[in-house]
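Hello,

Please find below the structure you are taking over. My notes on it follow.

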Amino acid sequence: MTAADPRAKLPDAPLADNERLKDQSHYLKGTIREDLKDPLTGGFNGDNFQLIRFHGMYEQDNRDIRAERNAQKLDNLKNVMLRCRLPGGIITPQQWLGIDRFATENTLYGSIRLTNRQTFQFHGVLKDNIKPMHQWLNALGLDSIATAGDVNRNVLCTSNPVESSLHREAYEWAKKISEHLLPKTRAYAEIWLDGEKLHSTEDLVETPLPEAVKSGDATEPVLGKAYLPRKFKTTVVIPPHNDVDLHANDLNFVAIEEQGKLVGFNVLVGGGLSMEHGNRKTYPNTAKEFGFVGLDKVLDCAAAVVSVQRDWGNRSDRKNAKTRYTIERVGLDVFIDEVENRMGCRFEPVRPYQFTGRGDRIGWVQGEEGLWHLTLFVENGRLLDKPGKPLKTGVRKIAEIHQGDFRLTANQNLIVAGVPEAQKAEIERIAREHGLISDSVTRQRENSMACVALPTCPLAMAEAERFLPTFSDRIDEIMAANGLQDEYLVLRVNGCPNGCGRSMLSEIGLVGKAVGRYNLYAGGNRQGTRIPRLFKENITEPEILDIISGWIARWAAEREADEGFGDFAVRSGIVAAVENPPQDFWA
Ligand code: SRM
Ligand code: SF4
């Protein structure tokens, strides 16, 4: 064991308990296999409760029925939520049919939930179905490795099927980065697949690691035996579209194209959105520009950033463990210098790039190769057959005839990509008949997003996904009353300050405080490069609507041409811009 680098300025404090459990887990195996046979609980015991996260699962229960069950002296109905690994969000129609069948036949809720990190979740998988579920996924060429836990999560990639050659290249990088940074332990295959081959990583080509990046552990050379201090998130972004919301992420590769060819990436590090209400030691922050790397250095750079965070991240205090806090503690220059030492080259100066927006282009668009792509707006990503709107059936019917692929977007939407002209009308007919296309959806609604929250999220303080649709009705009315029916502002709702719905990059954001109460934020921008500011705490829906209708009326009357709401809110003094987080975030 080597002495800690003094530049890391690591706190002299005992390690968090999660460090013990990772270290003692035998590379994420724990006693999960034994636990699966325990009939006394539908959940997982001891450390396994946390360890299953590294395999892409969270233990949950339905909070709507918790009190009723407890009153009947029944334990919570424990189950797991599964999150698939889907770098860049691409899935084939055959895989879709498989996941649709699993959700319908084997989950308590029957839904497929598209997440804002370009993958899907099954909610409500009972213990007996967990192992069959992983085997089912493996047969489809899918897995859920490292979609949760202290590892590099699902790697995002801008959903841009239109410029197909550039997207294909960027997507390949997202896949390669995901595979390069995956845990190498065979725990997943051993526990869930009885040691069988993992189909999703069959064509994985291992790239050698620079010596300076290696953890010293033979099994986990990149992540190390104790894995990372905290979750780690990575994106590949194709400007000018910031659909992946790069500032929510630890590590970002911004594609630089010259004369129609991808030549490398600008690297931005240290974004992240979570905080705790009133805890000034926690804060959201944007990612910092490190510099440009050519294509030959992308994987070394990714491993170098991860390894510095692995070695220098705070393992004593999980609330202070993410990359942005490490950078804050050691200093930006020191962090960059160490990344350069480890990847074996210096960053070149950042090349010019610009972001213009984040929303998906809903509807049809034709790509470079003449094929058509249909982006379906899926409110809050929830695909379920609702009365009069059999959304899940609709996607299934499209999957039955579709010859291209599906792309899950970071805005919780679904793209039917690569449709030949001859099939366009039929796919549109199915989509319309099943409520997947509706001419009444406003641009405002398309640019609104909520996290899951109740009833499945154990951390939710207030509703989000179930709150947003009716809240959006009111916002639509306010926009129309002010002549802004064709305009939008980026509106987001989180059920708690963890930040999953990315309210901390919205123009107007609500963050749950208690049932029916939210903190109201304003002043982010359309491009997603500015953190909004707290405007008012702990208020109810009518109070929020009252404030927002005043704001929208002023925006309609006083805005400059094409001025987004967030920029207007800052210019007109509704809120002061957060220019230099963390210093001015709590000011
Ligand atoms: Fe998240 C925890 C849902 C994106 C920050 N998130 C959770 C859990 C697993 C609750 C838990 O720990 O028990 C939620 C499960 C709810 C449920 O029932 O499904 C949950 N997070 C989600 C999803 C499904 C929201 C959505 O509506 O799409 C997103 C899944 C993404 C994925 O596919 O991987 C999701 N979570 C995010 C994002 C946004 C992003 O990554 O772009 C953030 C903020 C960005 C960031 O990380 O800074 C986010 N989730 C968190 C945090 C706070 C992490 C931290 O740094 O402190 C937690 C709690 C934790 O880790 O302790 C959390
Ligand atoms: Fe749950 Fe909070 Fe994340 Fe919403 S923001 S899904 S309530 S952890």
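**Notes on the model**

Strands β8 and β9 form a hairpin with two residues between them, and Gln259 in the turn has a positive phi of about 45 degrees. This is a predicted model, in which local features need pLDDT of at least 70 and side-chain atom pairs count only at pLDDT 80 or more, while totals for chains, interfaces and linings use all residues. Residues are numbered from 1 along each chain as its sequence is written, chains are lettered from A and ligands numbered from 1 in the order in which they are written, and side-chain values use heavy atoms, with hydrogens and water left out.

Helices (H or I, at least four residues) and strands (E, at least two) are DSSP runs, numbered from the N terminus. Two strands pair if DSSP finds at least two bridges between them.

β8 (residues 251-258) pairs with β9 in the antiparallel sense over eight bridges; Ile256 has Gly264 in β9 as its bridge partner. β9 is also joined to β10 (residues 288-294), again antiparallel, by six bridges, and there Leu268 is partnered with Glu289. Seven of the nine residues of β9 (residues 261-269) are buried, meaning under 20% relative accessible area with a 1.4 Å probe, protein chains only.

Ligand 1 contains an iron atom with a single protein donor, Cys500 (SG), 2.3 Å away. Donors here are N, O and S atoms within 2.8 Å of the metal (3.2 Å for Na, K and Ca); water is not among the atoms, so sites may look incomplete. Cys500 is found in the loop between β19 (491-494) and β20 (508-514). Of the 31 residues around ligand 1, those that come nearest are Thr115, Leu273, Thr456, Cys500 and Arg502, where a residue counts if one of its heavy atoms lies within 4 Å.

Which distances separate oxygen atoms of ligand 1 from polar side-chain atoms of Thr115 and Gln412? For Thr115 the distance is 2.6 Å, and for Gln412 it is 3.2 Å. An N or O atom in the side chain of His123 is 2.7 Å from an oxygen atom of ligand 1.

Regards

How values were computed
Polar contact = N/O pair within 3.5 Å; in protein donor to acceptor, adjacent residues only side chain to side chain. Buried < 20%, exposed > 50% of the residue type's maximum accessible area, 1.4 Å probe, protein only.
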